[in-house]
Amino acid sequence: MISNTEASRTMSKSHSSFRKIVVSSLILLIIAGFLLDIMLGSVSIPFREVVRILFEQTSEQTAWLYIVQKIRIPKAITAVLVGCGLSVSGLQMQTLFRNPLAGPSELGITAGAALGVAVIMLSNGHITSMPAIRQLGFSGSWLIVVAASMGSALVLFLVVLIAGRIRDNVVLLIVGVMIGTITLSVISIWQYFSQPEQLQEYILWTFGSLGGVTEYHLYVLTGTVVVGLVLAFASSKALNVLLLGENYARSMGLTVGWARAIILASTSLLTGSITAFCGPIGFIGIAVPQLTRSLFNTSNHRVLIPCTCLIGTLLMLACDIIAHMPGSQTVLPINIVTSLLGAPVVIWIIVTRSNLRASFV
């Protein structure tokens, strides 16, 4: 009995040491990725100049100072926000629906946000065109965030409503995909009857980009993502209990309806605001939570949420670096890169982990 207890303590210390090493390594890699993301681009800027601009706010060339401060730092910060926000929203969806394949894109939540943006961008009248929205500054930023968040919340509400009648998680996932398909069809009809200049701008937005976030947008995006993450951290205890099922959660004294409302609000804010400014970005929400569970081998959301933020940040910085294709003037749409990296990761996890659903039962 004593030897078993000592073995358990030894194993726990070993896991704790392993996690500390992994977390420290991830933080170092994120710092390196952040600097590399700022350094790379169509204009080559030496590493020492990047460090000098970051810490001394000066540079040998004014153009380098402007590029780093006004373009590349906001883009790198946007990558951090997107990595954290989409990864955590995917983690919450997988726990809430107890389905390893649930995520903002797969459940149609991203499509709902896209519908909200389409309402703003494809409406008639010059006041709602994207150039006019950008000229509005803060108010325009909030306009597009509110529209996208309401779109994602609407789809999420429908999925949750149906979830109350369907117990099979696979069937529920199919329902989410169908709701997403209907939403995309509505957008397609809207696109068909839109003006060519509006249509071109909307199609470019759907490719996804981290570089289109202006200074005003970045303030709003940071505020909404921080609020969404705070709500997610606040619901970590509820997420742990919901892993055991709603009936067990109620028996433990959890107010399931209130917990679900907080989780939905967090997911809608994170997915809606990020989709509004960066376009629909797939696979981060489904791939990163799976990678985190595999790496840290835990279902405790007090560990999973911050670790998911770290891995999501590192993955988005890597995707942005690849999108710029070092040595080339071409910039690939970020959505293409995340799909190329994320889809194989999901396939690899499904093939190698035969007990994938064990974390949700």
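Which helix gives the most to the lining of the largest cavity? The legends below take this up, after a word on the model. This is a predicted model, in which local features need pLDDT of at least 70, side-chain atom pairs count only at pLDDT 80 or more, and totals for chains, interfaces and linings use all residues. Residues are numbered from 1 along each chain as its sequence is written, and side-chain values use heavy atoms, with hydrogens and water left out.

**View 1. The largest cavity and its lining.** Helix α13 (residues 284-296) gives the most here, with three residues; helices are DSSP runs of H or I with at least four residues, strands are runs of E with at least two, and both are numbered from the N terminus. A cavity is a set of points on a 1 Å grid over the protein atoms alone where a 1.4 Å probe fits but cannot get out, and lining residues have an atom within 4 Å of a point. By class, the lining has six nonpolar, four polar and one charged residues (Ala, Val, Leu, Ile, Met, Phe, Trp, Tyr, Cys and Pro count as nonpolar, Asp, Glu, Lys and Arg as charged, and the others, Gly among them, as polar).

**View 2. Glycine 245 in its loop.** Look between α10 (236-242) and α11 (246-251) to find this glycine. Glycine 245 is buried, with a relative accessible area of 7%. Its C-alpha atom is separated by 9.8 Å from that of threonine 95, 150 residues apart along the chain.

**View 3. The nonpolar cores.** A nonpolar core is a set of buried Ala, Val, Leu, Ile, Met, Phe, Trp, Tyr and Cys residues joined through side-chain atoms within 4.5 Å. The largest has 74 residues, and Met93, Phe97 and Tyr202 have the most contacts inside it. Helix α14 (residues 301-323) gives the most to this core, with eleven residues. A second, separate core of eleven residues includes Ile38 and Leu65.

How values were computed: Buried means under 20% relative accessible area, exposed over 50%, partly exposed in between (1.4 Å probe, protein chains only). On a 1 Å grid over the protein atoms alone, a cavity is a set of points where a 1.4 Å probe fits but cannot get out, and a pocket is an open set with protein on both sides within 12 Å along at least five of seven lines; lining residues have an atom within 4 Å of a point.
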